[in-house]
Amino acid sequence: MRRIPVKLFLMAAAVLLLAGGCGRGGFDEDRKEFNWPVMGTYANLNVFRPKADEALLITKSAFEEVNTELSVFAPESGVARLNASAGNGEYVQLGRYAVKVLRESGRYYEESGGAFNPAVGPLVEAWGFFRGGGAGYFPPDASVIAKTKPLCDFREVELKDDGIARLPRAGMRLDFGAIAKGYAVDVAYERLKAAGYSNFLVNLGGNMRCAGTRDAEDGAWRVAVRNPRKELEGEPLGMLMLTNGMSVATSGDYEQHYEYDGRRYSHIIDPRTGESARGVAQVTVVARAAMEADALSTACFVLGAEASRGLLETHPGSGALFIMVDDAGGFEFEMVGGFADWFEPEMDGFGNAQ
Ligand code: AMP
Ligand code: MG
């Protein structure tokens with residue numbers, strides 16, 4: 001692990017953004033980029049002509065189908081119906097995507113010692129983040145946290161072999177906000193590959209997976225890692241070079257958050273304590289699939305750099321860049337696993353310290 005202290009005034013970094021870069025040779029002239037809003041965020045597809053428009057349709061319908069099963073906001077989704085039936089004794093039939101994500105979630109829950117936990121919904125709501133959070137919100141009382149925490153026990157979620165599920169207690173609620181977008185990207189990726197596309201990059205709200213390369217000279221897809229205290233378009237911390245199925249996801253404290261009494265509270269909750277997770281401003285995870293990167297980035301955000309090490313080691317081909325933040329607002333960069341192999345730092349403080 002590398003530990004890279006940076007001066008406070010440099011500010012830390014934070015989000016992911018696809019960097020187009022300029023073309024070398026004919027490849028890029030044939031590349032087409034689509035951007036559209038979906039699932040409360042933005043999506044982006046880079047793909048090559050001549051069948052670029054068909055690729056867009058494939059990607060859109062993959063996102064749509066996953067969202068239809070997993071969204072907690074679409075009242076007819078299997079997960080929304082499961083949440084609505086919490087405590088009434090009934091089982092709800094889930095679709096195959098929801099079953100897959102729920103099963104995989106169980107794996108990440110165990111591997112992360114409960115840091116990743118989609119049963120955290122009631123705590124997310126208690127902290128004011130169910131529908132966005134923001135100005136005017138404030139942390140819940142300790143008594144509210146103590147009352148809410150028992151409703152977030154992932155081990156109580158029942159899933160049977162035939163895909164029927166039940167939440168045994170009234171007030172329980174699943175929230176797949178930390179993994180569903182990554183999974184949707186994997187579904188789109190698999191369908192595009194099956195349809196014969198071999199060079200593309202799919203991005204759903206910063207959850208990305210690439211196929212092949214971005215130009216004829218085997219150039220990697222270039223993804224900017226943003227500074228967490230600057231706008232998305234601001235100067236990036238550096239560039240990730242990704243090829244052949246590699247994925248990336250970022251979790252950050254600049255997404256849904258509010259400030260209260262001079263402290264920042266963000267939308268990722270530590271289910272073990274019931275508190276809004278602290279100590280990380282941003283974590284960017286590279287992994288071999290987008291769902292893996294998505295789930296790991298949220299788990300790593302809760303765990304912090306040191307405690308994430310073992311988790312990342314159990315995922316071959318993964319690595320993470322942490323921007324840790326202390327109570328005084330000072331930042332420290334830490335790279336874990338293989339991250340440095342794919343990352344080209346661009347910030348002065350960053351590059352010089354290596
Ligand atoms: P991400 O941006 O992928 O890290 O996902 C963050 C979202 O996941 C939050 O907005 C919540 O909806 C949900 N969430 C918050 N804390 C957790 C947690 N510890 N485990 C799983 N999901 C969480
Ligand atoms: Mg995530």
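1. Ala178 is buried in this predicted model, with a relative accessible area of 19%, where buried means under 20% relative accessible area, exposed over 50% and partly exposed in between, with a 1.4 Å probe and protein chains only. Thr298 is likewise buried, at a relative accessible area of 11%.

2. Helices (H or I, at least four residues) and strands (E, at least two) are DSSP runs, numbered from the N terminus.

3. Conventions for the values in this note: the model is predicted, local features need pLDDT of at least 70, side-chain atom pairs count only at pLDDT 80 or more, and totals for chains, interfaces and linings use all residues. Residues are numbered from 1 along each chain as its sequence is written, chains are lettered from A and ligands numbered from 1 in the order in which they are written, and side-chain values use heavy atoms, with hydrogens and water left out.

4. The largest pocket has a volume of about 1,200 Å³, and of the 45 residues that line it, the closest to its centre are Gly177, Ala178, Lys181, Gln256 and His267. The largest share of this lining, four residues, comes from α8, while β4, α2 (52–70), α7, β12 (247–252) and α8 each supply at least two residues. On a 1 Å grid over the protein atoms alone, a pocket is an open set of points where a 1.4 Å probe fits, with protein on both sides within 12 Å along at least five of seven lines, and lining residues have an atom within 4 Å of a point. Grid points are joined across faces, edges and corners, and the volume is the space filled by probe spheres set on the points.

5. The largest nonpolar core has 71 residues, and those with the most contacts inside it are Leu45, Phe63, Leu70, Leu174, Phe176 and Phe322; α8 gives the most to this core, with 12 residues. Apart from it lies another core, of 24 residues, among them Leu237, Leu321, Val325 and Phe343. A nonpolar core is a set of buried Ala, Val, Leu, Ile, Met, Phe, Trp, Tyr and Cys residues joined through side-chain atoms within 4.5 Å.

6. Strands β3 (residues 31–38) and β4 (residues 41–48) run antiparallel and are joined by eight bridges, strands being paired if DSSP finds at least two bridges between them. They form a hairpin with two residues between them, and in the turn Met39 has a positive phi of about 50 degrees, although Met39 is not a glycine.

7. The peptide bond from Arg49 to Pro50 is cis, with omega near 10 degrees, and Pro50 is found in the loop between β4 and α2. Asp261, not a glycine either, has a positive phi of about 55 degrees and counts as exposed, at 73% relative accessibility. For context, most residues other than glycine have a negative phi, and most peptide bonds are trans.
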